[in-house]
Amino acid sequence: MQSQVLKWAGGEHEFALSVKDLLALQDRCGGVDGVGLIFQRLQQGSWRVQDVVSTLALGLEGDKFSRIEAQQLVEETALSKGLAELSVIALAVLANALYGYPEEPGESEVETS
């Protein structure tokens with residue numbers, strides 16, 4: 001699973017969403033909407049609280065954060081900075097999982113003939 005370090009209101013952390021995480025995201029957001037609709041809501045600004053909170057918490061869960069610690073960090077940051085600010089980061093985390101992670105400078109493949 002690839003990850004990306006992002007600077008956000010909660011600090012600088014590594015975020016990653018595996019396929020298993022995307023399935024969990026669907027469940028945490030009610031189980032009816034797929035990740036495409038969650039992504040669309042984040043893009044359009046018509047997100048739900050769980051869209052933002054669950055995307056970020058799942059993205060943080062892993063080696064450094066337990067589920068409880070990730071949820072707590074996201075909720076505390078949302079209270080101090082607001083969900084609207086966090087929705088932009090949630091969109092970036094989900095976009096990376098759906099469309100791939102940006103390459104680091106110098107990592108792109110160069111075709112030679």
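Visitor: At what angle do α4 and α5 pack, and how far apart are their axes?
Guide: This is a predicted model, in which local features need pLDDT of at least 70, side-chain atom pairs count only at pLDDT 80 or more, and totals for chains, interfaces and linings use all residues. Residues are numbered from 1 along each chain as its sequence is written, and side-chain values use heavy atoms, with hydrogens and water left out. Axes are lines fitted to C-alpha atoms, for helices over the stretch in contact, and angles run from 0 to 180 degrees between N-to-C directions. For α4 and α5 the angle is about 130 degrees, and the axes are 7 Å apart.

Visitor: Which word describes how α4 lies to α5?
Guide: Angles under 35 degrees count as roughly parallel, over 145 as roughly antiparallel, 65 to 115 as roughly perpendicular and the rest as oblique. The angle here is about 130 degrees. That makes α4, relative to α5, oblique.

Visitor: Which residues of α5 are buried?
Guide: Buried means under 20% relative accessible area, exposed over 50%, partly exposed in between (1.4 Å probe, protein chains only). The cover over the buried residues of α5 includes β1, β2, α1, α2, α3 and α4. Those buried residues are Leu86, Ser87, Ile89, Ala90, Val93, Leu94 and Asn96.

Visitor: How many residues of α3 are buried?
Guide: The buried residues of α3 pack against β1, β2, α1, α2, α4 and α5. Among them are Val53, Leu56 and Leu60. α3 is mostly covered, and the buried count out of its 12 residues is 10.

Visitor: Which residues of α3 make the contact with α2?
Guide: α2 and α3 pack at about 110 degrees, with axes 10 Å apart. That makes α2 roughly perpendicular to α3. On the α2 side are Ile38, Arg41 and Leu42; on the α3 side are Asp51, Val52 and Thr55.

Visitor: Is arginine 41 buried or exposed?
Guide: Arginine 41 sits in helix α2. Beyond its neighbours within four places in sequence, arginine 41 contacts Asp33, Ser46, Trp47, Arg48 and Asp51. Its relative accessible area is 11%, so arginine 41 is buried.

Visitor: What pattern does the protein chain follow along the sequence?
Guide: The chain's secondary structure comes to 5 helices and 2 strands. Of its 113 residues, 37% count as buried. Read along the sequence, the pattern is β-β-α-α-α-α-α.

Definitions and conventions:
Helices (H or I, at least four residues) and strands (E, at least two) are DSSP runs, numbered from the N terminus. Contact means heavy atoms within 4.5 Å.
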